Every structure is written in C-alpha cells, then in structure tokens.
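Here's a quick tour of some helix packing and a few charged pairs. Have the structure open as you read.

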Amino acid sequence: MGSLFRSEEMALCQLFLQSEAAYACVSELGELGLVQFRDLNPDVNAFQRKFVNEVRRCDEMERKLRYLEKEIKKDGIPMLDTGESPEAPQPREMIDLEATFEKLENELREVNQNAEALKRNFLELTELKHILRKTQVFFDEMADNQNEDEQAQLLGEEGVRANQPGQNLKLGFVAGVILREKLPAFERMLWRACRGNVFLRQAMIESPLEDPTNGDQVYKSVFIIFFQGDQLKTRVKKICEGFRATLYPCPEAPADRREMAMGVMTRIEDLNTVLGQTQDHRHRVLVAAAKNLKNWFVKVRKIKAIYHTLNLFNLDVTQKCLIAECWVPLLDIETIQLALRRGTERSGSSVPPILNRMQTFENPPTYNRTNKFTKAFQALIDAYGVASYREMNPAPYTIITFPFLFAVMFGDLGHGAIMALFGLWMIRKEKGLAAQKTDNEIWNIFFAGRYIIFLMGAFSMYTGLIYNDIFSKSLNIFGSHWHLSYNKSTVWNNNFLQLSPATSDYEGTPYPFGLDPIWQVATSNKIVFQNAYKMKISIIFGVLHMIFGVIMSWHNHTYFRNRLSLIYEFIPQLVFLLVLFFYMVLLMFIKWNRYGATNTFPMTEACAPSILITFIDMVLFKTSKPPGKNCEVYMFWGQPFFQTVFVLIALACIPVMLLGKPIKIMQARKLANVQPITGGSSDAEVGGMSNGGGGGHHDEEEMSEIFIHQGIHTIEYVLGSVSHTASYLRLWALSLAHAQLAEVLWTMVLSLGLNKEGWLGGIFLTVVFAFWAVLTVGILVLMEGLSAFLHTLRLHWVEFQSKFYMGQGYAFAPFSFESIIENGSAVAGETE
C-alpha cells in the first residue's frame, strides 16, 4: 500500500544486450511497459543512428497502410477489430510484411487507375450522348429556318442578302459541355471577344455527372456555337479551352448523328459492364485487407517503436553488444529480468542479458501505480503538477474529499441522482464504450472521469438528504417536529411567516436526519437559517481540510529526514492554524451547545455573541459590548485569557517560521568552515535532511536567497491562512446559489403547469415539464456541476495541496506498446 500514498521507488539501471537478442528483449519490455529508457546519443543526428534505415522502412509501411485505410473508409467497409494486440513480428518478418503491403498497394493503385480511366471514358461518352441528343433540336430549328431573325442579327444586312434563294450560306459550329456555373461568364466572354458575331445555344443536362478525378457530382450544360470563318473558329476554340469546356465532334448530317449515337450507346453498355467488374475486384481486395488492417498497424508500430528505442542505445567497441540506461520501479526488477530472459530465449541467444543497478544523484521520475478507478483522480493531481519523487501523493485522499466538497456545493438529491446514474451507466457499459473509440474530446473527458462523476453524484445525493432538498422540494420521511398553530391559508399565503424555536410550535427534539421539511414553508427566515448553517459548516470543513494538509507535510518531512523543516516549519504552521482558526471552529460548537432559543439552555439566543466579532476582537486585543444588559460577554470561563495566549502564540510562530530555518543553516555553514577536515557536516546533514526528491537542501544556495525564499514562504502561509479560510466560503455560496436556482425553476416554470387543470392542463404540463427537464439538466446539472467541479478543483490545488505538495517532479514515461497503440504513435521511449 506504500506506493498508493507515495510514488514508486525507482532505480537507474544499466542494461547490456547481445546484438542478436536486443530486438526480442526490447519487444518483451514493450509488452511489460515498466522501463523508461534514456537517450545515450543526444548529440547524434536522428539520420545518423544505427537503425535509421529500419525506422524508414516502417514509415514507408505505415504510409502504405494509411493509403489502404483511406481507400477502405472511402468504400465504407468495416474494419475488423478483435481488440487483441499481436506480438511484435521478428525482424525477418518485416520482408514478408513489406512484400504484402507493396503487392496490395500496387494492385489497388492499378485498379484505381484503370477505374479512373474507365470512368473518364464513360464520362466522355455520356457527355457525347447528351450532345447528340440536345443538338438535334438545334439543327432541326436551323433546317426549318425558324431562326431567320437571329441569323439576320448575326450576319447583318449583307448576310440576309447572301441568304437569298440561289445562294447557300455555310455556317461552322462547335459543340461541347461546360460546368453550369461557368456558363454565364462563358457567354459574356464569347460575345465580347467575337463582337457578337457568334450564335450560342445551350441546354442543361438534368442529371449530375461524376467527376472521375475526385468522385464529386457536378452539373454541366451542353452548348453549340455557330460562327462563320476560320478566324472566329480559332477564337471560339481558345475561349472554350480557357473555360475548361470539353469539345466533341458532332456530325452535321442527321444520319451520321444517329449512327454515332447508336455506337455511343453500345460503348456505354460495354463500359458499364467493365466498370462493374473493376469495382467488384477493388471491393474484394479492400474487404480482404480490412480484416487484417488493425493488426498490421499494431505490428508495424511495434516494430518502429522497437527500432526507435534501439536508436537510444550505445554500441560497444566490438559492435556485438548494446548498452542502455533505464529507470525502472524497484519492486519490478525481477519481473523485468524475467522478461529479458524470455526475450533472450526467443532470439536463440546463448548470452544472458545483464541488468546492473547504478548509483546516481539525478532526480528519478515519479511513478504512481493506478488502476481504472484511481487513474482519473491521479490525473486531477498531475494536472496541477507531477509530484516530486517520493513525495506524499494527494490522490488517495482526493478520492473522498473531492466528491464530498463538490457535494457540499451541489447538494440536491434529484440532481445528484441524475449525475450518479449517468456515471453508473458509463461504468456498467465501459467495455463497449471504450471499444468505440471516438475523437470527440468532450465525450472522452466525461468517459475518463466516469468514476469521479459517479462519486460526485452519490455524495450529492447524501448531502441532498442532509439539506432535505430534492429539486428544491423537501422529503417528509420522519414527520416534522413542528406543529404549527396557523391555519392552512395562513401558511400558504403569508409571505412573512417565520419559524421560531422559542414558541410551543417546536417539539424541542432535533429532526432524526438532516433538516426538518417544515423549513420549506418558512419563506421569510428559511434562507437566514440555511445561510447561517451552511456558512459555518463551510468554515469547519475548510479548517479541517487545511489542518489535514499541514499534517501531510509532517509525513514528508519525517520521510526525508528534514528535521529543520519539521521543527521550524511544520510545528509553527500547525500551531498557528490551531490557535487561531481551529479555535474559531471550537467557538462555533461552543455557541451551538451553550446558546438556545429557550431558557432551558444556559443562555438564550439573543445573548449569543457573534463569532466573527469575537475573532476580530481577539486579534485586536479588545472587547466589544455585550448584546444585552444581562448577557455575558464571553462564552466560557477564562476565555479572554486563553484568547490572549493564543494570539501571542500565533504571533510568536511567525518569527520562528521566518528566521528559524535560515539561522540554523547559517550556523551549520559556519560549523562546516571551522571543521573542514574532521568531517564537517553539510546543511543537509546538520538539519537531518537527505538529498531525496522532497527534502530541500541548500548547499549551493546563497544565504540571502534562503532568507528571501523563507520570508516569501512565511508571508504566503500567514496571509494564505486567512484568505484560504475565507476561500472555503465558496462551499456556502455555491450551495445557496444552486438551491435558489432550483427553486426559481420550480416556481417560475414547473409550477405553471401544475396549476392547470383538465385535459388541456395535462398537455400543457407535458410541454412545461419537458422545458423544465431540459433547463434542469442543462443549467443545474451540467453548468452548475461544472462550476462546482472547478471550485472544488481550486480548493484542492490551492488551499489543500499548497500546505505540503511541491509538484516539481516529472512523470515516469515507460516504453509501453499499450500507450503507443492508444496514442496512435510509434515514437516511444523518449525522455525529456
């Protein structure tokens, strides 16, 4: 269990591998995922390393696989994913994989090229078919002389005279197709360039045509241009070429056009047959590839990761041995040695690998073991900063404190049930949901935090029962301990009705669990009562949370044998917090116990002094006037004496925190200078400190900097104790806001539907309920939940963790095939 509360103990090891066994051993370590390799060739260019050619071959195989994947997705073919992770292939299998991928790529490219050529030919024949069909109408009109006025406009007066009987006018023409959106600009350009001496007719092709290059559906139009003379013909063809219009030969004689149309139809039918066969062959190739594509990707990425890791190793002078340095968890050294032995046996090598533990003064990486439950909570801590090596890990305590503080702000039985059910659904379906990998970042965040969401919802249901709040209403489980003497109309209609425990309406015994449901009726003093209650419990929880954080620093100091910090930081910090803020908490309990609404208590509620005023008077060494003539100023005997002592103790703690540790370090340095030969001690040794991750040592730090840093730390703690205590009032503020928003939604939305009667009222209630449900989930559960989550996160990061957590380490990044496959990258094993 020690690793749960602290990071794993790490060891720097040196690994010697035979060249023929290196690949298999690294493969076994990748499956294990417990070794972080260091780069022993930092000054060597990536293109000059030993296994760069193998990495390039893997890159080329990945490129071919991505091409296959793109083609498979284009056809909508499902890819088989068994969820299994095949082992990394042996180096000799790379040749077979390369040959397979090369054959598939060449075959697929050849099929695609043939299909594209056939589609282009099919498109040309289809366009020619439409040209022959559409232009028939134009020629019929010319033959019947139905456009004589247009010819006169085109050819002018001389052209009309030339068209008199006995004279034949010979007009040239070109026909083609053009994209429909280019047609207006094309027509304007023809008119301007040819000065109106051409005649254009066009007709739309109703059905879209497939572009053979990208497969898009495009709309085109058929056009025919009549002109006279070779000069205009050349000009027209250049304009058509500029607008990417396709020109086709079109016979002038009707018989020739009919014959060509019949030939075109025959060729189109033949092309359809060949295209179908080509597409079937392409589909069969892709279906066969889709069955193995996932496994191929895994194999190639594993091979690439192995060779990339081998590039981090050093070669000895004989070129027969590879040398590596790696960080490993101390508890897993035997497991790693077994994996190395398996790798050696697989490779057939007779020389066993050697794993030697090295001595180092480097700061090891931080490795916290997690499972699917603790992983999300650890991620919350690491988002603030990775723990220093062997520092106390806040994650185990956060599992309880995080959902609880969230629930204090979000306390509602109904809203908590919605959140808990959503989290429980993700937990029950986690295997299926995890298999459906998606790029939706919001969903991935929700799914990764499914256990946090479930616990936050469950804790919110508990606090909702304490607050007796479910969708802004209360539950009457045990019956009220109040018996009102008012009639029903007064209770429902009087907005100034107050509950007073001093009257006979109150039985005098507390409600068994949570708040009495009668407080929902007290419209006037309900919020006053809840404010006082929630404000005080916020301060109580906050002070206890901060004290717990300071106690955690004691575990750090004792583990790292940091005696200076233990004596001159932990003790005065804890005393300062206890004599001021924990004393204020005790005053709250004393006030609750000593003062009541009736005379059965030692003092009545009217005489109860204000906790805030008492605390301010305590710090200022003054006494405020009692609230009444016959009231006592203090709550208990000897209170002024204890308060004076507490403030003096708190003030005395400040110079201890400020000067104690720097002075001791300065004395240790003087002692070391006086006795340099007889074994003078360093600062760390005099203070009982080690050079571990969490223990501070100041051997190379200037004394002025030590004094400045300690001063900053002291000021931050003293002022932070006040601001952090006030910061926990957000528990009260957000709880109040959440309850009031729920009440507003109920009063202004749902109650409108509940007040309607009859069948129309039922329909109206259905609509109103749907609207209320959407607002409840969208605003109160999602938005308010996110707000409470962020405030809870801040309370843990700043108010709690600042008391003991340094967060100056770096994460353990082992060479792991599992993380490589999840991230879709084959580059692993690098350290920053």
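## Helix packing and salt bridges

The buried residues of α10 are covered by several elements, including α11 (395-410), α14 (441-448), α15 (450-467) and α24 (758-800). Contact here means heavy atoms within 4.5 Å, and helices (H or I, at least four residues) and strands (E, at least two) are DSSP runs, numbered from the N terminus. Before going further: this is a predicted model, where local features need pLDDT of at least 70, side-chain atom pairs count only at pLDDT 80 or more, and totals for chains, interfaces and linings use all residues. Residues are numbered from 1 along each chain as its sequence is written, and side-chain values use heavy atoms, with hydrogens and water left out.

So which residues of helix α10 (residues 374-384) are buried? They are T374, A376, F377, Q378, L380 and I381. Buried stands for under 20% relative accessible area, exposed for over 50%, and partly exposed for anything in between (1.4 Å probe, protein chains only).

Now for α10 against α11. Their axes are 9 Å apart and the packing angle is about 95 degrees, which makes α10 roughly perpendicular to α11. Axes are lines fitted to C-alpha atoms, for helices over the stretch in contact, and angles run from 0 to 180 degrees between N-to-C directions. Angles under 35 degrees count as roughly parallel, over 145 as roughly antiparallel, 65 to 115 as roughly perpendicular and the rest as oblique. On the α10 side, T374, F377, Q378, L380 and I381 meet A395, T398, I399, F402 and P403 of α11. This contact of α10 with α11 has 7 nonpolar, 3 polar and no charged residues. (Ala, Val, Leu, Ile, Met, Phe, Trp, Tyr, Cys and Pro are nonpolar, Asp, Glu, Lys and Arg charged, and the others, Gly among them, polar.)

A second pair is helix α2 (residues 19-32) with helix α9 (residues 333-347), packed at about 140 degrees with axes 8 Å apart. That angle makes α2 oblique to α9. The α2 residues in the contact include A21, C25 and L29, and those of α9 include I336, L340 and R342. By type, the contact of α2 with α9 splits into 8 nonpolar, 5 polar and 4 charged residues.

On to the charges. A salt bridge is a side-chain nitrogen of Lys or Arg within 4 Å of a carboxyl oxygen of Asp or Glu, and by this rule the count comes to 28. Here are three of them:

| Pair | N to O distance |
|---|---|
| R38 and E325 | 3.0 Å |
| E98 and R57 | 2.9 Å |
| K73 and E69 | 3.7 Å |

R38 sits in the loop between β2 (36-37) and α3 (52-74), while E325 is in strand β10 (residues 321-329), so the pair ties together parts 287 residues apart in sequence. R38 is buried at 19% relative accessible area, and E325 is buried as well, at 15%.

The pair of E98, in helix α4 (residues 93-143), and R57, in helix α3, links distant parts of the chain, 41 residues apart. E98 is partly exposed at 22%, as is R57 at 30%.

K73 and E69 are 4 residues apart in helix α3, so about one helical turn separates them. K73 is exposed at 55%, whereas E69 is buried at 18%.
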